[in-house]
Amino acid sequence: MVVAYSLFGSILTIGAMIGAIMSGKIADYIGRRGTMGFSDIVCIIGWAIIVFSKAAWWLDLGRLLVGYGMGLLSYVVPVYIAEITPKNLRGGFTTVHQLMICIGVSMTYLIGAFLNWRILALIGTIPCLVQLIGLCFIPESPRWLAKTGKGIESEAALQRLRGADADISEEAAEIREYTETLERLSEGGILELFQRKYAHSLIVGVGLMVLQQFGGVNGIAFYASSIFISAGFSGSIGMIAMVVIQIPMTLLGVLLMDKSGRRPLLLVSAAGTCLGCLLAALSFLFQDLQQWIKATPFLALVGVLVYTGSFSLGMGGIPWVIMSEVFPINMKGSAGSLVTLVSWLGSWIISFTFNFLMKWSSTGTFFAFSAICSLTVLFVAKLVPETKGRTLEEIQASMNPFS
């Protein structure tokens, strides 16, 4: 029963992994806007299958397709935003993507408490339809257009994005010069990523995703209600408290992104997730030792809320921002696929094994998550560059100097 429950809970991430493997190549082949449209259509089909499902395998297929669409979107959206926004606003705009996810998940938690799952799945098609229609009114990425040899269209898209009266000559020249440099390089495959000149970008991009997922976020998010119940607290009150803290903390992260920089926010966020897991671990430890019985449920609640708030502040969105910034455009497709695959693979591993880990030892599980979060602090301090206020071309030239 635990295996079936864990498999059903994690099958969405299996679809996302398949989408992640294909995301970079699709985005490079049909463009950023075309990829978003394709994933919206796949998600709509997936939700429709769930709405009209007649058997359990229909539900699995629907979740698989929705996950596939999510895997595509989780790569292409931050890349598109990073490629169209000015350098002084790029971080905040990219993190708004995470804020929208946070609001969507929170609304689903609240609406799901009052509606049955078929109606909830039907509501799931609405954002997909809105985005599909909205794609008709936005330009393609100027950097992708330049990369595919459409220089005139690239400048037209850039002018449209910056405003009719804006002077785009300097930015357009920078994009053009960097694209000309890349034309002398072959389109990079996955294996080419493992060359020494891309090592820093690869370690940062993959490392942040591994640490983000193995810090326990999807186990805690997917099974928050059961965590609260096992700690002796009300599951529904705990979930509402999570929603209440998640949105303002994500919004705070958006506002601070281009003011404080990526690194300081990541350091504070990772330290907060470490503290949250430590408090939750102590709650279960005291429960096992039959100490402070009345206080342990509240300690678990505080721990999960500190974790959720801290994760929302930085670790939720900033790894995706940095992923979209640190790879050169000729490697972005392969790198994006690899990094997104690593993220969803980590998500699947944690969401599938979390129930087994909690059965083994709730205390041990949260101590392990706390240790990984503490490693994240060291990783960010030693290896992650500050990308605030720098163009994509400047970042990539400093991290990946072309020989």
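These legends describe close-up views of a predicted model.

**View 1. Helix 6 packs against helix 7.**
Helix 6 covers residues 151-162, and helix 7 covers residues 169-183. Their axes lie 11 Å apart and meet at an angle of about 140°. The crossing of this pair is right-handed. Helix 6 supplies E155, L158 and R162 to the contact. Helix 7 supplies E171, A172, I175 and R176. By type, the residues of this contact are three nonpolar and four charged, with no polar ones.

I190 sits in the loop between helix 7 and helix 8, the latter spanning 199-214. Beyond residues up to four places away in sequence, I190 touches S334 and L338. I190 counts as partly exposed because its relative accessibility is 36%, which falls between the 20% limit for buried and the 50% limit for exposed.

**View 2. The largest nonpolar core holds 67 residues.**
Six residues have the most contacts inside this core: L208, I227, L266, I322, F366 and V384. Take I322 as the centre of the view. I322 touches V204, L208, R262, L266 and V384, leaving out residues up to four places away in sequence. Of these partners, L208, L266 and V384 are also listed among the residues with the most contacts inside the core. A second core is separate and has six residues, including L12, M17, A20 and V66. In soluble globular proteins, nonpolar side chains tend to be buried together.

**View 3. T387 makes polar contacts with R262 and E325.**
T387 belongs to the loop between helix 16 and helix 17, where helix 17 runs over 392-399. The side chains of T387 and R262 are joined by a polar contact of 3.1 Å. A polar contact of 2.5 Å links the T387 side chain to that of E325. Not counting residues up to four places away in sequence, T387 touches R90, R262, E325 and I395. R262 is also touched by I322.

**View 4. T365 is a buried threonine in helix 16.**
Helix 16 spans residues 362-383 and includes T365. T365 counts as buried because its relative accessibility is 2%. A polar atom of the T365 side chain lies 2.8 Å from the backbone oxygen of S361. Which residues does T365 contact, leaving aside neighbours within four places in sequence? They are F354, L357, M358 and W360.

**View 5. Q290 has a positive phi in a loop.**
Q290 lies between helix 12, residues 262-288, and helix 13, residues 296-315. Its phi is near 60°, a positive value in a residue other than glycine. Q290 counts as exposed because its relative accessibility is 58%, and the limit for exposed is over 50%.

Conventions. Residues numbered from 1 in each chain as written. Predicted model: local features only at pLDDT ≥ 70, side-chain atom pairs only at ≥ 80, totals over all residues. Heavy atoms only, no water. Axes fitted to C-alpha atoms, helices over the stretch in contact; angles between N-to-C directions. Helix = DSSP H or I, 4+ residues; strand = E, 2+ residues; numbered from the N terminus. Left-handed = near helix turned anticlockwise from the far one by under 90°. Contact = heavy atoms within 4.5 Å. Nonpolar A, V, L, I, M, F, W, Y, C, P; charged D, E, K, R; others polar. Buried < 20%, exposed > 50% of the residue type's maximum accessible area, 1.4 Å probe, protein only. Polar contact = N/O pair within 3.5 Å; in protein donor to acceptor, adjacent residues only side chain to side chain. Core = buried A, V, L, I, M, F, W, Y, C linked by side-chain atoms within 4.5 Å.
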